[in-house]
Amino acid sequence: MKKVTLILSLVCAILAIILAILPLFKLAFIPAILALVFGIISFIKSRKDNQSTHVVQVSFLLVIIALGLSTYKTVFTVQEVGNTEELEQREKENEEKALEELEDLDIELD
Amino acid sequence: MKHLFTTITVLLLSCASFAQNNNAFKAGEKLTFSAAYNMSGILTDIAEVKMETSAVNTSGTTLYRLKCSATTYSNFDSFFKIRDLYESYVNPKTVAPYLYQRDISEGGYYKFVKYKYSYKTNTVSSLIRKKSKNFASGFWDRNNTIKIKPGTRDIVSTLYKLRTLDIHKAPVGASDTFTVLFDNKEVKCSFKLLGKETINTAIGRKECYKIAINVTNNNVLKGSNANIIWLTADENKIPVYAKFKIAVGSGELKIKSATGLKN
C-alpha cells in the first residue's frame, strides 16, 4: 500500500511537471493535487514504520515546482494570437480570386 | 482537435422558417470570440475566432462578404497551429450565398473547398483541394457538380441567416431542421428554442435566446441538447456564448468584443 501510494505520487508529480511546461498548464493542478494527496499518505506511513521519506520528498519538490510554474503562467500569461501573416496572405489571394469568380456568376439580387 | 473549429462553426448553426430581410447586421461588423477547451472542468483558452462582414462591389452589384477565421494563440502554435478561414459572399438582403470558400490549415493539414451556387439549376460547382506529393502542382483537386435542395446553404451564411430570423415569434420548444452543404454532403441541422436566459458576457449582461443544436448525418457534434448557443434577444441577435460537445471533449466560445453593430 505504501509503495503504491509512493509510485502514484511520483507519477502524478512527473505528469504535473510535464503539463505545467506545456500550453495546457492549467491541467497541471489536477495531477499536482493528486500527487500531494498520495505523497502525504505515503509520508505518514513511512514515518509510522520509521522508514526513509526521501522519495516522497522528491515528489513534494516536483509538486511545488509544478504548482509554482502553473500558478505563475496562469497569472502572467497573456493570450495573444500568433503570427497571422500567412493567413492574411491567403485571405487576400482568396478575395482576389473570389472577385473574379463573382464576375462570372449570374447574380440576381431580389 | 482537427474538427474543433469546424465544430465551432457548425455549432453556431440554427434556423427558423420565416423569411425576411436582414435587419441584424451590416457591413463593417466585427465580432471577436475566445474558444476554450474543457478538460476535467478546467477551461483552457486555445484560439481566437473572428466573424467579420464587409461589402464587396462587383461590376453589377454589391454583395456582403461574411468571413469567419480561427487562429490559435501563440503558445499553442508550436503544438497545433490552426489558421482557418471560412468565407461566404451573400445577397445582403436574403443572405443567400453565391460563393463559399473554406481554406483551412490545422496542424499541417491543409484543405481548400469552394462552392459556387447556381439557383437557376439548383446546383453547386464544388472544388476540393488538398496537398499531395503525387502531383506536380503539389495539390490534389477534385471538381464536382452537386444537386442541392432549394434553401441549402453553407455554414457561414446559415449562421448569419439565423440572425436575420424572427426568433421572437417562435414559441419555446419550437424546433426546425435545415440543410447545410458541408464536404460535398448535405447535412441536416436541427435546432430547438429552449427559452430565454440572461447571462453575463464581456459586452455586458444580456438577455439571450437559448438554442439547442443537433446535427444529423454527421459525427462532429455529440450528445443531444449538449450543443447550445446563446443569441442576444435583440435585433442584432449576436452569438455571445456557445457550448459544444465533440468526440474528444467539450468546449466553449465566449464573445470578447463586438463592433460595427447595426442596431
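Q: What makes up the secondary structure of chain B?
A: Chain B has three helices and 14 strands. The model is predicted.

Q: How many of the residues of chain B count as buried, and what makes a residue buried?
A: Of its 263 residues, 41% count as buried. The cut-off is 20 or more other C-beta atoms within 10 Å of the residue's own.

Q: What share of the contacts in chain B joins residues 24 or more positions apart?
A: Such pairs account for 55% of the contacts with a separation of 6 or more.

Q: Which scores describe confidence in the model and in chain B?
A: The model scores ipTM 0.77 and pTM 0.83. Chain B has a mean pLDDT of 86, and 89% of its residues reach 70 or more.

Q: Where in chain B does pLDDT stay under 50?
A: Over residues 11-19 of chain B. For this stretch the model has 38 contacts beyond four places in sequence.

Q: Why are helix 2 and helix 3 of chain A called roughly antiparallel?
A: The axes of helix 2 (residues 29-48) and helix 3 (residues 54-76) of chain A cross at roughly 155° and come within 9 Å. Angles over 145 degrees count as roughly antiparallel, so helix 2 of chain A is roughly antiparallel to helix 3 of chain A. Their crossing is left-handed.

Q: Which residues make the contact of helix 2 with helix 3 of chain A, and what are their classes?
A: Helix 2 of chain A brings residues including A:Phe29, A:Leu36 and A:Phe43. Helix 3 of chain A brings, among them, A:Val56, A:Phe60 and A:Leu67. By class, the contact has ten nonpolar, five polar and no charged residues.

Q: Why do helix 1 and helix 2 of chain A get the term roughly antiparallel?
A: Helix 1 (residues 2-21) and helix 2 of chain A have axes that cross at roughly 150° and come within 8 Å. The cut-off is over 145 degrees, and the two helices are therefore roughly antiparallel to each other. This crossing is left-handed.

Q: Which residues make the contact of helix 1 with helix 2 of chain A?
A: Among them are A:Lys2, A:Leu8 and A:Cys12 of helix 1 of chain A, and A:Pro31, A:Phe38 and A:Lys45 of helix 2 of chain A. The residues of this contact divide into 13 nonpolar, five polar and two charged.

Q: How many residues of chain A and chain B are in contact with each other?
A: 25 residues of chain A are in contact with 33 residues of chain B. Helix 4 (residues 85-104) of chain A gives the most to chain A's side, with ten residues. That side divides into twelve nonpolar, five polar and eight charged residues.

Technical notes
Residues are numbered from 1 along each chain as its sequence is written. Chains are lettered from A and ligands numbered from 1 in the order in which they are written. This is a predicted model: local features need pLDDT of at least 70, side-chain atom pairs count only at pLDDT 80 or more; totals for chains, interfaces and linings use all residues. Two residues are in contact if their C-beta atoms, placed from the backbone, lie within 7 Å. Helices (H or I, at least four residues) and strands (E, at least two) are DSSP runs, numbered from the N terminus. Ala, Val, Leu, Ile, Met, Phe, Trp, Tyr, Cys and Pro count as nonpolar, Asp, Glu, Lys and Arg as charged, and the others, Gly among them, as polar. Axes are lines fitted to C-alpha atoms, for helices over the stretch in contact, and angles run from 0 to 180 degrees between N-to-C directions. Angles under 35 degrees count as roughly parallel, over 145 as roughly antiparallel, 65 to 115 as roughly perpendicular and the rest as oblique. A crossing is left-handed if the near helix is turned anticlockwise from the far one by less than a right angle, and right-handed if clockwise. pLDDT is the predictor's confidence in each residue, from 0 to 100. A residue is buried if 20 or more other C-beta atoms lie within 10 Å of its own, exposed if 12 or fewer, and partly exposed in between; C-beta atoms are placed from the backbone.
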